[in-house]
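Here is the note you asked for, written for reading beside the sequence and the model. The points are grouped by region and can be taken in any order.

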Amino acid sequence: MKISTHLITLRNLFFTLLLLAFSATSSSAAVTINQAGGWLETAWVEWTNLSGAQSYNVYVSEANTNSWKKLDRELVRNYGTYGRADALGLKAGNYQLKVVPVSSNGELTAEASVTESLEVRAHNRQGFAHMNRPTSGWTEGVGAYKNDGTLKDDAVVLYVTSKNAKNITVNWTRYEGKAPVTWTGLNDVIDGYRKCIDGGGMKKPLCIRIIGTVKYSDCDKMASGQGLHIKTQAQNDSNVDMPLTLEGVGKDATIYGFGMQISNAIGVEVRNLGIMLCLDDGIEISRYNTNIWIHNMDLFYGQTGGESDKVKGDGAVDTKDSRYCTISSNHYFDCGKCCLVDASDNRGTFYASSLTYCGNWFDHADQRLPRLRHGEAFHIYNNYYDGNGLYGVGLASASSAFVENNYFRNCRYPIVSSAQGSDLWHVAELKKAGTKSKGVMSGEEGGVCKAYNNHIEGATSYFNQNTATTYGLDFYEVTSRDEQVPSSVTATKGGSAYSNFDTTEGQFYQCTPIATEDVVAHVTGQYGAGRCQKGDFSWEFDNATEDANKELIPELKAALSNYKSTFVDFYPQPTAINNIDADKAYKNTDIFVTPAGQRVDSSYKGMVISGNKKVIR
């Protein structure tokens, strides 16, 4: 039988159109990944929200191994037009993240997308906080994480947002063998944790993860003058192990309008948070603490205090009567009085000592970077001093500091010891100008600094043993890292000598600083100071104006006052039509369901099923 060419052509065209129609209805575009990256023991991904997806599952795997592990739901967040997920607690290495959209019918694997290989690096644990700490078990390292960057065994993880900070609830056993006790609210949970540790009940590492912005008004009753109070039941000058990590998730985790105080604790870690407009201090490592680690924070102005020198707030990270602490890789945005060590001239029985300051970005911060009292062992290395209006490292009250491989750019007085060197020179210059003759420091006894391999440019003055005038030394400069400071080098006022802790066995830790010429690139780079991705708040300082300026910047204060998080919420748990009362959903005009089966409220815009009808809202 003969078939016309015309009919064959029509038949072929029909099947072609059918195939195209089937292809169009059975598949759609994959999730579009906008950006992804590796950070410090973290990897992250952001994507454009996909039409028709109710939610997303995100998985992490070591690169090219397909060993996928699903992230907690709370780590997968909605920012309106895009989604974001952060995989926390990763060992150093290369990883991939997979984003899988979810509809009412389950995962849409055909629309999943996978990132390229992402480099994850380890946090720097070269500091006093990790010195002589156990390398396994409940008290390993500092906080709720092991030294390899992964969560400790049996660690309890809590997620806190503005919506649940008042009512987050845990039921923990306070005393072994007794019934659980309920604690409600962020402060109450922290207080309950200390009571459980003391009572011998729930005794596990605790990781509290902050998501988005949590404000003062979001929280239950504050427990200290700073805000949060992380403390143990220990009394007087004693302390107790408390393996707690308080950390932010992603680049935008912020506590706003308050700070925190840490007391009588061993092994607390705070990281990856912004602190804006705190009450007094951002973080006060208050009394009788050891092995505390504060790192990768963004620290901004506090609330204006009652004293004239507190227009920017008080301390950013102050340390009092505590030892074996590391304050590292923090970004200080024009903070006024940054890092005070011990508030009193008097040396108590448990004075501050054995503190490390490393990898910090003192970004136009004014002074106390840090200001040291009493301790025989302070190590300050690989910090970037970037346009500081008054001074960098300050020594007083018989302190000893080893200052090495730092980069000082336009820091007025890079290193100054009380009642000598630049402190006295400053007084003399003021007198010449006929102005008030007050020193940089407060007139107490001085200390001794050993300096090695620092870069100094744009300083007003600095004096070592080769350039000293009648005013005396700011620091003794050595030509090799292991060179000791002679006992003949003493503080002009008080006569204290350098302790040589850094060359005495058992008093120092293994440390390999990065080269001084690499400090700026490292500190300001991807794996350097501050929060993940340098945070969601940026500020560009005008060096020509701000390097020498010690006053508050009104525009920066206004920007902080107007700051708002763009975090919307977690994605909803997928809900298919057959998982709800379908008959009720279709007939009731007060219930709205999308064609994909997601229950929505009356504010939803788009096509919904309501009252047995499809409605465009």
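The points below go through the cores, selected strands and loops, and then the cavities and pockets of this predicted model.

1. The main nonpolar core. The largest nonpolar core has 72 residues, and the members that touch the most others in it are W172, I283, I294 and Y332. Helix α2, which covers residues 186-199, makes the largest contribution to this core, giving 6 residues.

2. The surroundings of I294. If residues up to four places away in sequence are set aside, I294 touches I262, V270, I283, I285, V317, T326, I327, S328 and N330. Of these, I283 is also listed with I294 among the core residues that touch the most other members.

3. Strand β18. All of the strand can be inspected at once, since 5 of the 5 residues of β18 (residues 244-248) are buried, and the strand is therefore largely enclosed by the rest of the structure. In a regular strand, side chains alternate between the two faces of the sheet. In β18, L244, L246 and G248 point one way while T245 and E247 point the other way, and all of them are buried.

4. The partners of β18. Strand β14 (residues 206-210) runs parallel to β18 and is joined to it by 5 bridges, with I210 having G248 as its bridge partner in β18. Strand β22 (residues 269-271) also pairs with β18 in the parallel sense, over 3 bridges, and here the bridge partner of E247 is R271.

5. An open sheet. The order β1-β2-β6-β5-β40 describes an open sheet of 5 strands with antiparallel pairing. At its edges stand β1 (33-38) and β40 (569-570), and because each has a single partner strand, one side of each is left without a neighbour in the sheet. The partner of β1 is β2 (residues 42-48), which runs antiparallel to it and is joined to it by 5 bridges; within this pair, A36 is bridged to V45 of β2.

6. The loop at S329. Is S329 buried or exposed? S329 sits in the loop between β28 (323-328) and β29 (331-333), and it counts as buried because its relative accessibility is 15%, where the cut-off is under 20%. Apart from neighbours within four places in sequence, S329 is in contact with H295, N296, M297, C358, G359, N360, G528, A529 and G530. The C-alpha atoms of S329 and W361 are separated by 6.9 Å, although the two residues are 32 residues apart along the chain.

7. Helix α3. Within α3 (residues 422-432), the buried residues are S422, D423, W425, H426, V427 and A428, and the buried residues of this helix pack against β36 (407-417). Just after the helix, G434 takes a positive phi of about 75°.

8. The cavities. A search of the whole structure gives 2 cavities of 30 Å³ or more. The largest holds about 80 Å³ of space and is lined by W39, L40, E41, T42, L88, G89, H123, Y145, E247, G248, R271 and N272, a lining that divides into 4 nonpolar, 5 polar and 3 charged residues.

9. The largest pocket. This pocket has a volume of about 710 Å³, and 28 residues line it, with D309, Q367, L390, K438 and K550 closest to its centre. At least two lining residues come from each of β32 (371-373), β34 (384-396) and α3. By class, the lining has 8 nonpolar, 7 polar and 13 charged residues.

10. The second largest pocket. About 540 Å³ of space lies here, lined by 22 residues, of which V60, K69, L88, G89 and L90 are nearest the centre. Two or more lining residues are given by each of β3 (55-62), β4 (69-70), β6 (82-88) and β7 (93-103). The lining comprises 10 nonpolar, 6 polar and 6 charged residues.

Key:
Residues are numbered from 1 along each chain as its sequence is written. This is a predicted model: local features need pLDDT of at least 70, side-chain atom pairs count only at pLDDT 80 or more; totals for chains, interfaces and linings use all residues. Side-chain values use heavy atoms; hydrogens and water are left out. A nonpolar core is a set of buried Ala, Val, Leu, Ile, Met, Phe, Trp, Tyr and Cys residues joined through side-chain atoms within 4.5 Å. Buried means under 20% relative accessible area, exposed over 50%, partly exposed in between (1.4 Å probe, protein chains only). Helices (H or I, at least four residues) and strands (E, at least two) are DSSP runs, numbered from the N terminus. Contact means heavy atoms within 4.5 Å. On a 1 Å grid over the protein atoms alone, a cavity is a set of points where a 1.4 Å probe fits but cannot get out, and a pocket is an open set with protein on both sides within 12 Å along at least five of seven lines; lining residues have an atom within 4 Å of a point. Grid points are joined across faces, edges and corners, and a volume is the space filled by probe spheres set on the points. Ala, Val, Leu, Ile, Met, Phe, Trp, Tyr, Cys and Pro count as nonpolar, Asp, Glu, Lys and Arg as charged, and the others, Gly among them, as polar. Two strands pair if DSSP finds at least two bridges between them.
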